[in-house]
Amino acid sequence: MIKRDLLLSKLIDYKDKDVIKIITGIRRSGKSYLLFEIYYEYLIENGVDKEHIILINLESNKFMSKREVESIYQYIKDYIVDDKKYYIFIDEIQLIDNFEDLANGLKIDFNCDLYITGSNSKLLSSEINTKLRGRGIEIKVFPLSFKEFYENRLGDKKEAFTEYITYGGMPYVSTLDKHYEKIEYLKMLNATIGFKDIIERNKIRNENLFNSLLELLCSQIGSVVSANKIANTLKSNNYRTVDNETISNYLKYISDSFLFYKASRYDIKGKEYLKSLNKYYACDLGLRNEKINFRQIEMSHILENIVYLELIRRNYLVDIGKNNEREIDFVVKNYNNLYYLQVSLTLEDIKVRERELSAFKNLDDGYKKIVITMDENPLTRLDKGYKMLNIYDFLLDEYSLEKI
């Protein structure tokens with residue numbers, strides 16, 4: 001069983017709370033596995049009678065003829081035989097029309113704790129929450145973090161890291177041994193997400209344009225982009241009729257599918273968000289690499305992408321910082337804490353060190369300023385109280401920013 005301890009802890013935190021738990025995430029990231037395997041085992045081990053856990057996978061043939069509010073409601077009603085609490089798991093709830101009536105009715109009529117998942121090909125997680133009128137709490141499932149990947153694999157840490165940045169963290173990929181198996185699976189997954197979850201769902205007519213945009217995003221992770229810049233680039237590649245509105249819509253569809261995450265730019269001095277020139281980070285490096293045939297494996301951009309994903313996985317609020325004319329890779333917020341982060345392959349080169357540290361110039365607000373690097377230097381202190389954090393120490397310790 002692949003460990004997903006951080007996700008499990010979130011489910012445990014919300015256990016028995018009077019909200020519907022909505023499990024969201026990109027296709028094949030492990031939503032159903034988290035709920036039906038990991039959390040199910042946790043409940044059993046902690047004294048919940050398995051007769052009080054109701055498992056409903058609406059893609060199963062068992063429930064094919066019951067995809068209606070009345071049928072599933074009656075199935076659950078017949079299952080419940082006492083007043084004790086029941087834990088109800090419903091997978092792919094969007095396959096039921098007006099599913100919000102079912103969810104709300106179950107919460108009102110029975111002593112139950114309700115957990116649901118939904119697929120982006122039919123219904124976005126944001127739409128699920130809207131239909132539930134604020135009665136739900138979203139628990140986001142990402143592909144495996146490096147820590148989850150490494151704990152499942154063990155062995156040499158550097159070899160594991162190389163494999164991780166090459167093939168990514170989709171759970172099934174981590175179980176495959178052969179290179180061609182990993183490639184074929186990633187190719188199939190990219191095709192499914194691109195077509196069913198985005199093109200088909202949003203009725204995109206120009207598939208070639210959409211795929212060219214997707215490839216462009218994959219080749220420019222960590223780069224500042226805008227709809228206008230992308231449109232101009234695509235026009236130079238013979239898409240002469242492309243316009244900013246179309247590109248803006250495509251970018252929204254891609255973000256809605258969890259394939260990429262948009263990071264907004266924040267003006268630290270002006271204390272305002274800037275409307276243009278954002279960054280987009282891939283949800284999974286394996287999917288990104290396969291989409292561009294494993295070209296452009298630049299470590300600086302790869303490292304920045306991994307750090308961003310880890311930050312949002314840990315529930316930090318993450319922006320790109322503008323400090324006058326300088327750019328800070330990430331402005332990171334968590335409760336009352338704020339961190340300024342730079343990501344750099346190395347600080348051993350003097351010119352590189354000066355460039356990276358100059359991003360912090362005149363930020364005298366007392367918050368931590370940290371450079372995450374691949375340098376294996378046991379010392380963490382830099383000039384002016386700045387800190388240096390090794391990438392492995394950052395990825396393998398959820399509280400590394402607080403501790404340094």
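What share of the contacts in the protein chain with a separation of 6 or more comes from residues 24 or more positions apart? In this predicted model, such residues account for 66% of those contacts. The chain holds 16 helices and twelve strands. Its radius of gyration is 23 Å, close to the 22 Å that the globule rule gives for 404 residues, so the chain is as compact as a globular protein of that length.

**Overall dimensions and surface**
- Taken along the principal axes, the C-alpha atoms fill a box of roughly 70 × 50 × 50 Å.
- The protein chain exposes about 19400 Å², and carbon and sulfur atoms supply 46% of that area.
- Of the 404 residues, 53% are buried.

- In soluble globular proteins, nonpolar side chains tend to be buried together.
- The largest nonpolar core here has 77 residues, and L259, F260, L311 and F330 have the most contacts inside it.
- Helix α13, residues 299-313, gives this core its largest share, eight residues.
- A second, separate core has 26 residues, including I20, L58, Y75 and F110.

**Contacts of L311**
- Beyond its neighbours within four places in sequence, L311 is in contact with Y316, V318, F330, V332, L341, F394 and L401.
- One of these partners, F330, is also listed with L311 among the residues with the most contacts inside the largest core.

**Charge**
- The chain carries 61 positive and 63 negative side chains.
- The centres of the positive and negative sets lie 4 Å apart.

Methods
Residues are numbered from 1 along each chain as its sequence is written. This is a predicted model: local features need pLDDT of at least 70, side-chain atom pairs count only at pLDDT 80 or more; totals for chains, interfaces and linings use all residues. Side-chain values use heavy atoms; hydrogens and water are left out. A nonpolar core is a set of buried Ala, Val, Leu, Ile, Met, Phe, Trp, Tyr and Cys residues joined through side-chain atoms within 4.5 Å. Buried means under 20% relative accessible area, exposed over 50%, partly exposed in between (1.4 Å probe, protein chains only). Helices (H or I, at least four residues) and strands (E, at least two) are DSSP runs, numbered from the N terminus. Contact means heavy atoms within 4.5 Å. The radius of gyration is taken over C-alpha atoms; the globule rule is 2.2 Å times the number of residues to the power 0.38. Accessible areas come from the Shrake-Rupley method with a 1.4 Å probe; for residues, only the protein chains shown count as cover. Lys and Arg count as positive and Asp and Glu as negative; His and the chain ends are not counted. The place of a charge is taken as NZ of Lys, CZ of Arg, CG of Asp or CD of Glu.
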